[in-house]
Amino acid sequence: EDKIFTEPHITSDTLISQLGTNSKYLAEAIRRCGYSSFYDMISQHRVRYAISLIHQDSDCRLADIAERCGFSSQASMAKAFKAQGKNTPSSYRSPVGA
């Protein structure tokens, strides 16, 4: 619900502090959830959120969606999509008349 992953400069220390845990426990929890690292987890959450926002409002500018998701730019969002083997962000827009 909080969508902490949308904070542009989030670090593992931020999450550790908010959860009241330590780095070893956090790293283990991240691995058990199937992520390779803290930043992999954040990136995957941001990409999923971006896809949902694109579907919700296909008229919204991709640069605005990137910012809302915590990406530093539209280009960094596109790079994250590509790194995860996803189509380009614009390909998730609903076709006109659909």
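Student: Is F38 buried or exposed in this one?
Tutor: F38 counts as buried, at 8% relative accessibility. Keep in mind that this is a predicted model.

Student: OK, and what about Y39, buried or exposed?
Tutor: Y39 counts as exposed, with 53% relative accessibility.

Student: Changing topic: how many helices and strands does the protein chain have?
Tutor: There are five helices and zero strands. The C-alpha atoms fill a box of roughly 50 × 20 × 20 Å along the principal axes.

Student: What share of the residues is buried?
Tutor: Buried residues make up 34% of the 98 in the protein chain.

Student: Back to rings. How many aromatic pairs are there?
Tutor: The count is three aromatic pairs. In one of them, the ring centres of F5 and Y49 are 5.7 Å apart and the planes sit at 85°, so that pair is edge-to-face.

Student: Which parts of the chain does the F5 and Y49 pair tie together?
Tutor: F5 is in the segment before helix 1 (12–19), while Y49 is in helix 3 (residues 38–56), so the pair links parts 44 residues apart in sequence.

Student: And are those two buried or exposed?
Tutor: F5 is buried, at 14% relative accessible area, and Y49 counts as buried too, at 18%.

Student: Then how are the rings of F38 and Y39 placed?
Tutor: Their centres are 5.0 Å apart with planes at 85°, so F38 and Y39 are an edge-to-face pair.

Student: What lies over the face of F71?
Tutor: That's R46, at 5.8 Å from the ring centre.

Terms used: Residues numbered from 1 in each chain as written. Predicted model: local features only at pLDDT ≥ 70, side-chain atom pairs only at ≥ 80, totals over all residues. Heavy atoms only, no water. Helix = DSSP H or I, 4+ residues; strand = E, 2+ residues; numbered from the N terminus. Buried < 20%, exposed > 50% of the residue type's maximum accessible area, 1.4 Å probe, protein only. Phe/Tyr/Trp six-rings, centres within 6.5 Å; stacked < 30°, edge-to-face > 60°. Lys NZ or Arg CZ within 6 Å of the ring centre and 35° of its normal.
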